[in-house]
Amino acid sequence: MSLRNPVHCVVGLTVGFLGLAALYLQLGAQFVGLTQVLVYIGAVAILIIFAIMMTRSSESAEQQTFSRSWVAGVVIAVAVFAVLGWAIHFGAQTLPTQTATPDLPVQQIGDALLHRFVLPLEIIALLLTAALIGAGVLALQDPAGEKRGQQ
């Protein structure tokens with residue numbers, strides 16, 4: 001949050017998503033971890049980078065790497081880290097000693113998505129494709145309503 005360059009912010013967000021996916025995989029939630037990688041890293045982060053690249057102005061002004069309020073960001077990050085560390089340390093005592101094995105492996109979830117729920121999956125894919133095409137059309141129009149490339 002303290003970086004001024006939006007591309008650097010997206011890279012930081014992607015690293016955060018990757019760390020969260022690693023935590024999910026270490027906890028034994030393979031489907032959630034792989035979905036985290038595919039959806040958030042593979043789709044959302046790339047979409048944000050494309051949106052930044054398409055809407056970036058032609059002006060290339062020099063910007064500072066860190067914002068002026070980086071001290072407040074560091075203080076908030078340390079406070080959040082301290083609260084999370086305290087919750088993990090004292091919350092681990094109330095957890096059961098044995099973890100439950102997952103009853104639903106990734107293969108069964110994939111079979112259900114591709115056999116039983118294939119119609120909703122295809123409808124969502126068509127909806128997302130239409131949204132992507134609409135975003136491309138809107139990005140190619142100037143604010144005056146004229147399309148780029150026409151003179």
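I work with a predicted model, where local features need pLDDT of at least 70, side-chain atom pairs count only at pLDDT 80 or more, and totals for linings use all residues. Residues are numbered from 1 along each chain, and side-chain values use heavy atoms, without hydrogens and water.

I then listed the lining (residues with an atom within 4 Å of a point of the pocket, an open set on a 1 Å grid where a 1.4 Å probe fits, with protein on both sides within 12 Å along at least five of seven lines). I found Val39, Ala43, Val44, Leu47, Phe50, Ala125, Leu128, Thr129, Ala131, Leu132 and Ala135 there.

Next I checked the helices (DSSP runs of H or I, at least four residues): helix H2 (30-55) and helix H5 (118-139) each supply at least two lining residues, and H5 gives the largest share, six residues.

Finally, I asked where the pocket lies: it is between domain 1 (1-76) and domain 2 (105-151), because both give residues to its lining.

Key. Domains from an automatic or database assignment.
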